[in-house]
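Dear colleague,

Please find below the structure that I am handing over to you. My notes on it follow directly after.

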Amino acid sequence: MKHLLQAAVAVFLTTSAAMAHDYKVGPITVMHPKAFETAKTAKVGGGYMTLENTSDTADTLLEVRVAKIPRVELHLTETDENGVARMTKQDGIPIPAGETVTLKPGGLHVMFMGLDGNPFKVGDKVDATLVFETAGELDITFDIEARSAKDHGTMNHSDHKDAD
Ligand SMILES: [Cu+2]
């Protein structure tokens, strides 16, 4: 009986953790890392997630490493007064003490570069390692999701140059 109960608890814990799709290292929680499906000819894809820092010390996301993708950068999309959006490479994404930073289309994002011929498909998973300045390294998985109508067209990465 005792063993049965332990097994049931273990299954419950495993299931709820998988559904939550959150990751934790020290005071940093990474929520729902995802990327959208890409066109067959796309060279780049965007990665999004929410980063929460519950400590009273600031941290910085320095780097995202993906074994199977040649280059991964951190980008910020900004729209100027003429409505022209441009992306600039960031040396890191600061996560202030006690604050939550959301990477989303049209703002801060992870840029997966050099996808040529290897598009993201819905249901695929991209294993990655996040490197934080203070909290250290954290293995996460980006879920590839369908691009919703709401997100579509918010940011067009198709003319983004691979070499910048
Ligand atoms: Cu970008």
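Two strands are taken to pair if DSSP finds at least two bridges between them. Helices (H or I, at least four residues) and strands (E, at least two) are DSSP runs, numbered from the N terminus.

This is a predicted model, in which local features need pLDDT of at least 70 and side-chain atom pairs count only at pLDDT 80 or more, while totals for chains, interfaces and linings use all residues. Residues are numbered from 1 along each chain as its sequence is written.

Overall composition

The chain contains 1 helix and 11 strands, and in sequence order these give the pattern α-β-β-β-β-β-β-β-β-β-β-β. A residue counts as buried if 20 or more other C-beta atoms lie within 10 Å of its own, as exposed if 12 or fewer do, and as partly exposed in between, with C-beta atoms placed from the backbone. Of the 164 residues in the chain, 21% are buried. Two residues are in contact if their C-beta atoms, again placed from the backbone, lie within 7 Å. Of the contacts between residues at least 6 apart in sequence, 68% join residues at least 24 apart.

Strand β10 and its partners

A hairpin of 3 residues connects β10 to β11. These two strands, β10 and β11 (residues 136-145), pair in the antiparallel sense over 8 bridges, and valine 131 has glutamate 137 in β11 as its bridge partner. Strand β4 (residues 59-65) also pairs with β10 in the antiparallel sense, over 4 bridges; here arginine 65 stands opposite threonine 129 in β10.

The side chains of β10 (residues 125-132) alternate. Not counting residues up to four places away in sequence, leucine 130 touches Val30, Leu61, Val64, Glu137, Leu138 and Ile140.

Strand β3 and its partners

Strand β3 (residues 44-53) is mostly covered, with 8 of its 10 residues buried. It runs antiparallel to β2 (residues 28-36), to which it is joined by 6 bridges, and lysine 34 stands opposite tyrosine 48 in β3. A further 4 bridges join β3 to the antiparallel strand β9 (residues 108-113), where glycine 45 faces phenylalanine 112 as its opposite residue. Strand β8 (residues 100-103) is likewise antiparallel to β3 and joined to it by 4 bridges; threonine 100 in β8 is the bridge partner of glutamate 52.

The nonpolar core

A nonpolar core is a set of buried Ala, Val, Leu, Ile, Met, Phe, Trp, Tyr and Cys residues joined through C-beta atoms within 7 Å. The largest such core has 25 residues, of which Ile28, Ala35, Leu51, Leu61, Val110, Phe112 and Leu130 touch the most other members. At least two residues of this core come from each of β2, β3, β4, β7 (93-95), β9 and β10. In soluble globular proteins, nonpolar side chains tend to be buried together.

Proline 119

Proline 119 is found in the loop between β9 and β10. Is proline 119 exposed, partly exposed or buried? Proline 119 is partly exposed, because 16 other C-beta atoms lie within 10 Å. Not counting residues up to four places away in sequence, proline 119 touches Thr38, Ala39, Lys40 and Ala42. Proline 119 and glutamate 37 are 82 residues apart in sequence, and their C-alpha atoms are 7.2 Å apart in space.
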